[in-house]
Amino acid sequence: GLIGAKRSWEYERGIGWSNGGAAVAVSKPFDGKAATVGNGMMVALSAGNQENVNALYRKALELGGKDEGPPGPRGTGGFYAAYFRDLDGNKLCAFHFG
């Protein structure tokens with residue numbers, strides 16, 4: 001909700017959320033095997049502005065997520081990001097190009 005995402009679809013295997021652009025989905029693996037944390041994989045969420053990056057990071061930690069890098073500028077070109085892991089260990093990034 002912090003970045004305008006809403007539940008955009010749901011079916012027996014999963015649920016997806018979108019803010020009108022890319023979507024994030026959680027589903028049971030189609031191959032029927034156990035779900036695992038992707039090594040070297042990360043989901044990046046465009047937050048719209050730096051304040052939303054900060055808010056998403058705080059909310060993730062408030063809900064039990066683990067810090068992987070607090071909000072702040074990264075590299076060059078106005079890239080501002082925060083990194084965290086969800087309760088299953090998946091790595092996520094909230095970002096904004098300013």
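I started with Glu10 and Arg7, whose side chains meet in a salt bridge at 2.7 Å, N to O. My cut-off for a salt bridge: a side-chain nitrogen of Lys or Arg within 4 Å of a carboxyl oxygen of Asp or Glu.

Housekeeping: this is a predicted model, where local features need pLDDT of at least 70 and side-chain atom pairs count only at pLDDT 80 or more, while totals for chains, interfaces and linings use all residues. Residues are numbered from 1 along each chain as its sequence is written, and side-chain values use heavy atoms, with hydrogens and water left out.

I looked up how open Glu10 is: exposed, at 52% relative accessibility. For the labels, buried is under 20% relative accessible area, exposed is over 50%, and partly exposed is in between (1.4 Å probe, protein chains only).

Helices (H or I, at least four residues) and strands (E, at least two) are DSSP runs, numbered from the N terminus. Glu62 is exposed at 59%, and Lys59 is partly exposed at 35%.

Then I checked Glu68 and Arg85: another salt bridge, 3.0 Å from N to O. This pair links distant parts of the chain, with Glu68 in strand S5 (residues 66–73) and Arg85 in strand S6 (residues 79–85), 17 residues apart. Glu68 is partly exposed at 35%, and Arg85 is partly exposed too, at 28%.
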